[in-house]
Amino acid sequence: GGKDGDGGTRMGCVAMSLDDFYLTHEGLLGVARAHGDNALLQVRGNAGTHDVAMASSVLDALASPPSPDAPVAIPSFDKSAHRGRGDRAPRAAWRTVRAGDGA
């Protein structure tokens, strides 16, 4: 947020995908094992295969940063990892935005 030159409120935007909030590969395997009789939970994409706590944390950090220049790491999911089963990308590969930059 912030004010623009005309006194209006400036809004920013951060593009991210729900896909980037999938559980880690190990987490996805755990869901699949725990629900072996449910074909929908053998693959990512359905309810139960996302890291809801992480998504909530990222959205909270963007909406209410501790300071205007607080960095917010935007996760990334590598769908090509583990022969297409996917895994969360290493944190070093995540984008970082600053809340004060209009996020």
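These legends describe close-up views of a predicted model. Local features need pLDDT of at least 70, side-chain atom pairs count only at pLDDT 80 or more, and totals for chains, interfaces and linings use all residues. Residues are numbered from 1 along each chain as its sequence is written, and side-chain values use heavy atoms, with hydrogens and water left out.

View A. H82 lies in helix α3 (residues 81–84). Helices are DSSP runs of H or I with at least four residues, and strands are runs of E with at least two, numbered from the N terminus. Most residues other than glycine have a negative phi. Phi of H82, however, is positive, near 55 degrees. For R83, phi is also positive and near 55 degrees. H82 is partly exposed, at 41% relative accessibility. R83 is exposed, at 86%. Buried means under 20% relative accessible area, exposed over 50%, and partly exposed in between (1.4 Å probe, protein chains only).

**View B. The largest nonpolar core.** A nonpolar core is a set of buried Ala, Val, Leu, Ile, Met, Phe, Trp, Tyr and Cys residues joined through side-chain atoms within 4.5 Å. This one has twelve residues, among them V14, F21, V58 and V97. Two or more residues come from each of α2 (52–63) and β1 (71–74). The largest share, four residues, is from α2.

**View C. Contacts of W94.** W94 touches M54, A73, I74, P75, S76, R88 and A89, not counting residues up to four places away in sequence. Contact means heavy atoms within 4.5 Å.

**View D. A second core.** Six residues form a separate nonpolar core, including L23, L28, V31 and L41.
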